[in-house]
Amino acid sequence: MTHHNVGALVVVKPGEQKSIAGIITERDYLRKIIVQGRSSKSTKVGDIMTEENKLITVTPQTKVLQAMQLMTDNRIRHIPVIDDKEMIGMVSIGDVVRAVVAEYREELDRLNAYIQGSY
């Protein structure tokens, strides 16, 4: 994760590239390996990942603000995007914040144009 500068990895079921088994995050690694004094070399990913049945997920139809609310309420930074029981992507808190900022920036630009009479 450090080498590729990512904060989370999806764990797929053996032989099923789009079927999600769980997710492992930097936080999982810190709390379940480092803090507990375990060895990275001998601990299996399956032992520290958040399992599929405990995952919070969204669909492609989920609104950005709803995803942001889920992330905030559950104190998570990554949400897998699931469509028909297959993972099709991952959304990070950075993705969500950028989308919200862009939306509000457009609205602000429209309001400024209206106020200045160039609407």
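User: In which sense do strand S4 and strand S5 pair, and over how many bridges?

Analyst: This is a predicted model. In it, strand S4 (residues 78-83) and strand S5 (residues 86-92) pair in the antiparallel sense, over six bridges. Two strands count as paired if there are at least two bridges between them, so S4 and S5, with six bridges, meet that condition.

User: What do S4 and S5 form, and how many residues are between them?

Analyst: S4 and S5 form a hairpin, with two residues between them. Asp 84, in the turn, has a positive phi of about 55°. Lys 85 is also found in the loop between S4 and S5, and its phi is positive too, about 65°, although Lys 85 is not a glycine.

User: Why is Lys 85 called exposed?

Analyst: The relative accessible area of Lys 85 is 76%. Exposed means over 50%, so Lys 85 is exposed. Asn 5 has a relative accessibility of 71% and therefore counts as exposed by that cut-off.

User: Why is Tyr 29 called partly exposed?

Analyst: Tyr 29 has a relative accessibility of 31%. Buried means under 20% and exposed means over 50%, with partly exposed in between, so Tyr 29 counts as partly exposed. Tyr 29 has its place in helix H1 (residues 26-34).

User: Which residues form a nonpolar patch with Tyr 29?

Analyst: Leu 30, Ile 34 and Val 35 form the patch on the surface with Tyr 29. Together the four have about 380 Å² of accessible area.

User: How do you know that the span of helix H4 agrees with its number of residues?

Analyst: Helix H4 (residues 93-115) has 23 residues, and at 1.5 Å a residue it should span 33 Å. The end C-alpha atoms of H4 are 33 Å apart, so the two values agree.

User: Where does UniProt place the feature "domain: CBS"?

Analyst: The UniProt record, an unreviewed entry, places that feature at residues 49-107. In the model, this span is 44% helix and 25% strand, and its end C-alpha atoms lie 40 Å apart.

Note on methods
Residues are numbered from 1 along each chain as its sequence is written. This is a predicted model: local features need pLDDT of at least 70, side-chain atom pairs count only at pLDDT 80 or more; totals for chains, interfaces and linings use all residues. Side-chain values use heavy atoms; hydrogens and water are left out. Patches are made of residues with over 30% relative accessible area and no salt bridge: like charges are joined within 9 Å, nonpolar side chains (Val, Leu, Ile, Met, Phe, Trp, Tyr) within 5 Å. Accessible areas come from the Shrake-Rupley method with a 1.4 Å probe; for residues, only the protein chains shown count as cover. A salt bridge is a side-chain nitrogen of Lys or Arg within 4 Å of a carboxyl oxygen of Asp or Glu. Helices (H or I, at least four residues) and strands (E, at least two) are DSSP runs, numbered from the N terminus. Buried means under 20% relative accessible area, exposed over 50%, partly exposed in between (1.4 Å probe, protein chains only). UniProt positions are given in the numbering used here, feature names are shortened, and annotations may be inferred rather than shown by experiment. The expected span of a helix is 1.5 Å times one less than its number of residues.
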